[in-house]
Amino acid sequence: MVKYTRIFLVVMDSVGIGEAPDAEKYDDLGADTLGHIAEHMNGLHMPNMEKLGLGNIRELPGIKKTDKPLAYYTKMQEQSAGKDTMTGHWEIMGLYIDKPFRVFPNGFPKELLDELQQRTGRSFIGNKPASGTAILDELGKEHMETGALIVYTSADSVLQIAAHEEVVPLDELYNICKIARELTLDEPYMIGRIIARPFVGQPGSFKRTPNRHDYALKPFGRTVMNELKDSGLDVISIGKIADIYDGEGVTQSLRTASNMDGMDKLVDTAQMSFTGLSFANLVDFDALYGHRRDPKGYGQALEEYDARLAGLFPALREDDLLIITADHGNDPVHHGTDHTREYVPLLVYSPSMKNGGQELPLRQTFADIGATVAENFGVELPPHGTSFLKELQ
């Protein structure tokens, strides 16, 4: 019997809550995304997350521990090898990644770009790790003058291709990215995502548009989302969820332009009639503030998100479950521009929890979320993870 008719799963992209036990392996000792942001802000103002129990997971400046948290709370440790978006999300839905996706700290091999140029008729400039906005300032003018595509990467396993929408039509950019995806599916490349990064504007005032598109590797096995969809249940993707899973297990996809747009669409789905999962990723925390090492912007984004939660709570029904978590860390005061290997918070709330929540045991894997979703809807449980459904009173 289904306990909750609808589950709303929100991934606050990169909102880690302190270094993981194996952080040293990833050069991430001392990483603490939420803690360092809260210190930099002289205390975070997040009253809604505070009521849920965020301050009960651990002490955070500005966020108090509450005697009567509304949600069940704990933190989760990642088991997969890696600290990127795909690894974290795939584990949430029950898949382990034993071998990290390949990264390219010195740029991509010449033979790959030569093949891509031959197949597309476009030359390439850049080819190095870079901030998506900084590289536009550096190479945008040259791109507009020559038509050469801007290629860059990051600490993630990504190949990003930027082009001005008035120089390279979107259809052409997307097709080029599809060709790049085809060339990098297997060894020796095994790149997690190819990302189309269209932009507009003039030198000195370039701006990326919401027409970004990700071309991800397909998950290496079935996820809980596949089980839900194949059982006739709804799986609504909000933001880049559909891209992360390459559409696998998704019944409806809602694209978003920002965190606030993502929250609006989450509230919209709460006002829809469906049975299954509404799964949202809020990417701005990671893309706009974590990678750019902007603790103040990150903190303001967290407070804006918290304020928008006030519009979600009244839309939730007695038979709804809200799960809030993250997929990795991205400490904006840590060295470099990389993700950070951290614990992530877990808050689980339903309006039916009249007596409030309490602490859950530490979760040894993100896959506990997938196992809980699967048990709730009576579909096949993933091979990894332990459901906490029965612990929710």
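Me: Are F8 and F274 buried or exposed?

Reply: The model is predicted, with local features needing pLDDT of at least 70, side-chain atom pairs counted only at pLDDT 80 or more, and totals for chains, interfaces and linings using all residues. Residues are numbered from 1 along each chain as its sequence is written, and side-chain values use heavy atoms, with hydrogens and water left out. A relative accessible area under 20% counts as buried, over 50% as exposed, and anything in between as partly exposed (1.4 Å probe, protein chains only). On this scale, F8 and F274 are both buried.

Me: How many aromatic pairs does the count give?

Reply: Rings of Phe, Tyr and Trp (its six-membered ring) pair if their centres lie within 6.5 Å; planes under 30 degrees apart count as stacked, over 60 as edge-to-face and the rest as tilted. By this rule, the number of aromatic pairs is 10.

Me: What is the angle between the planes of F104 and F108?

Reply: F104 counts as buried at 5% relative accessibility, and F108 is buried with a relative accessible area of 4%. Their rings form a tilted aromatic pair, 5.0 Å centre to centre, and the angle between the planes is 45°.

Me: Which residue lies over the face of Y343?

Reply: A charge sits over a ring if NZ of Lys or CZ of Arg is within 6 Å of the ring centre and within 35 degrees of the ring normal. At 4.2 Å from the ring centre of Y343, the residue over its face is K75.

Me: Which residues lie closest to the centre of the largest pocket?

Reply: On a 1 Å grid over the protein atoms alone, a pocket is an open set of points with protein on both sides within 12 Å along at least five of seven lines, a cavity is a set where a 1.4 Å probe fits but cannot get out, and lining residues have an atom within 4 Å of a point. Grid points are joined across faces, edges and corners, and a volume is the space filled by probe spheres set on the points. The largest pocket has a volume of about 470 Å³. Of its 20 lining residues, the closest to the centre are T209, P210, R212, A257 and V283.

Me: Which element gives the largest share of the lining of the second largest pocket?

Reply: The second largest pocket holds about 360 Å³ of space, and the closest to its centre of the 26 lining residues are A130, G132, S154, Q160 and H291. At least two lining residues come from each of β4 (149-153), β5 (158-164), β6 (193-200) and α11. The largest share, three residues, is that of β6.

Me: What is the volume of the largest cavity?

Reply: The whole structure has one cavity of 30 Å³ or more. D84, T85, M86, F101, D156, S157, V158, G192 and R193 form the lining of the largest cavity. The space in this cavity is about 30 Å³.

Me: Which peptide bond is cis?

Reply: P188 lies in the loop between α7 (170-183) and β6. With omega near 10°, the cis bond is the one from E187 to P188.

Me: What is the phi of R293?

Reply: R293 lies in the loop between α11 and α12 and counts as buried at 16% relative accessibility. Although R293 is not a glycine, its phi is positive, at about 50°.

Conventions. Helix = DSSP H or I, 4+ residues; strand = E, 2+ residues; numbered from the N terminus.
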